[in-house]
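I am opening a notebook on a structure that is new to me, and I want to write down what I look up, entry by entry. The sequence and the model come before my notes.

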Amino acid sequence: MARKNVIALLIFLVAGQTLTAQRGGGQGAQATPGTPDVPIIGLAGVAFRVSDLDKSRAYYQGVLGLPEAFSTKDQSGRVASVYFKINDDQYVELVPDMKPGELRRQARVMFQSSDLKKLHTIYTERGLSPTPITTGPDGNPVFRVIGPSGAKLDFIEYVAGSQQGQLRGKLLDSRRISTHLWHVGIYTEDRAASAPFYGEKLGLPRGRDVGRGEYIETPNSDSNTETKYPRLDPNNPATRAQFERESMGAVEHMALEVTDMKAMRDLVQDRGKYTDLWVRAHVGNNRHWLMHLFDPDGSRAEIMETAVQPDSIPSLSVMLPGKAVGPPILPKEPRVIPWP
């Protein structure tokens with residue numbers, strides 16, 4: 001009997017590994033993505049806090065090419081937030097309330113639901129204490145769940161007559177470097193402890209899949225500050241606070257999908273007047289070409305190419321800088337980007 005149990009366990013583990021491989025178990029996986037067992041369609045967007053709306057507009061609209069769609073106002077008539085359109089279902093929202101030196105810049109992450117009342121009932125039964133369903137400033141019904149480490153997670157259902165509903169089929173600007181928000185990074189102090197929340201409570205397959213091939217990441221740290229120069233020494237007390245702030249801006253990020261990294265790299269370099277270093281593209285551990293851009297307040301946009309690169313182009317390989325097309329610069333040392 002013991003032998004049969006062992007064999008059964010091995011079969012179960014192999015099957016699980018096969019399923020993970022089919023789904024593409026690493027970051028950026030897109031083959032056979034999981035579908036939530038709750039009425040969630042995908043990511044509706046992400047909101048970043050900014051300190052200077054005009055400077056942020058120049059980046060999100062001027063460099064990323066996302067058209068400004070609409071704004072909301074507070075009770076005093078001041079602009080409370082500005083929405084930039086990625087596609088008919090996904091937006092980047094900017095909230096102009098950032099104070100100098102503040103650490104957290106992600107205001108909220110939005111998930112699109114196909115049946116908000118049903119989702120609210122499920123989350124209430126699972127003990128998540130969702131807020132009551134209200135009508136948001138954009139005209140859509142919405143409720144909020146507070147996640148691990150204080151993450152603000154909003155669940156919305158688009159309705160006719162809302163701001164997004166009125167703009168459906170409009171503002172699909174050809175200047176957009178991307179038409180798909182692929183994933184969002186949500187700061188989580190303890191990833192292991194938060195896994196049951198995102199997997200069992202929210203009902204996301206693998207604790208991350210939200211439908212349409214989109215997903216969330218729950219990092220507690222991130223070193224993607226390599227394009228922020230001069231480099232900061234985390235062991236220097238004089239710059240430690242700034243280093244932590246830059247790192248948090250990399251953690252709380254969004255990933256935009258592109259089909260041609262070189263074309264997009266050259267385009268944003270021209271638009272932003274960036275140096276080769278600021279638009280350095282490299283192959284990540286997920287086997288996709290990656291490029292990291294930062295808004296004026298340090299929030300990261302991870303630009304990620306759809307295609308998975310062959311093994312002949314190892315991780316950390318760097319795309320040749322400049323307009324010329326040539327072979328990538330291959331790494332010479334483990335875990336060390338070879339350029340500059």
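Entry 1: I began with Asp54, which counts as exposed at 58% relative accessibility, where exposed means over 50% relative accessible area, buried under 20% and partly exposed in between (1.4 Å probe, protein chains only). The side chain of Asp54 meets that of Arg57 in a salt bridge of 3.5 Å, N to O; the term stands for a side-chain nitrogen of Lys or Arg within 4 Å of a carboxyl oxygen of Asp or Glu. Arg57 is partly exposed, with a relative accessible area of 23%. Helices (H or I, at least four residues) and strands (E, at least two) are DSSP runs, numbered from the N terminus.

I must keep in mind that this is a predicted model, in which local features need pLDDT of at least 70 and side-chain atom pairs count only at pLDDT 80 or more, while totals for chains, interfaces and linings use all residues. Residues are numbered from 1 along each chain as its sequence is written, and side-chain values use heavy atoms, with hydrogens and water left out.

**Entry 2: salt bridges between separate parts.** The structure holds 21 salt bridges, and I looked up two further pairs. Asp89 forms a salt bridge with Arg212, the closest N and O atoms being 3.7 Å apart. Asp89 lies in the loop between strand E3 (79-87) and strand E4 (90-95), and Arg212 in the loop between E10 and E11, so this pair ties together parts that are 123 residues apart in sequence. Asp89 is buried, with a relative accessible area of 18%, whereas Arg212 is partly exposed at 36%. The side chains of Glu93 and Arg108 also meet in a salt bridge, at 2.8 Å, N to O. Here Glu93 lies in strand E4 and Arg108 in strand E5 (residues 106-113), so the pair ties together parts that are 15 residues apart in sequence. Glu93 counts as buried at 6% relative accessibility, and Arg108 is buried too, at 14%.

**Entry 3: a buried glutamate.** Leaving aside neighbours within four places in sequence, Glu252 is in contact (heavy atoms within 4.5 Å) with Phe48, Arg104, Arg105, Gln106, Gly185 and Tyr187.

Entry 4: In helix H5 (residues 191-201), I found Ser194, Phe197 and Tyr198 buried. Seen down the axis of H5, the buried residues fall within an arc of 85 degrees, taken from the directions from the helix axis to the C-beta atoms, so they line one face of the helix. What covers them includes strand E7 (141-146), strand E8 (152-156) and strand E11 (214-217). The face turned away from the buried side carries the exposed residues Ala192 and Glu200. Asp190 caps the N-terminal end of H5, with a side-chain oxygen 3.2 Å from the backbone nitrogen of Ala192, and just after H5, Gly203 takes a positive phi of about 80 degrees.

**Entry 5: the seven-stranded sheet.** Which order do the strands take in the open sheet? Seven strands form it in the order E10-E11-E9-E12-E15-E14-E13, with mixed pairing, two strands being paired if DSSP finds at least two bridges between them. Strand E10 (209-211) and strand E13 (281-283) are the edge strands, each pairing on one side only. Strand E14 (residues 289-294) and strand E15 (residues 300-305) run antiparallel and are joined by five bridges, and Phe294 stands opposite Arg300 in E15.

Notes: A polar contact is a pair of N or O atoms within 3.5 Å; within protein, one must be able to donate a hydrogen and the other to accept it, and residues adjacent in sequence count only if both atoms are side-chain atoms.
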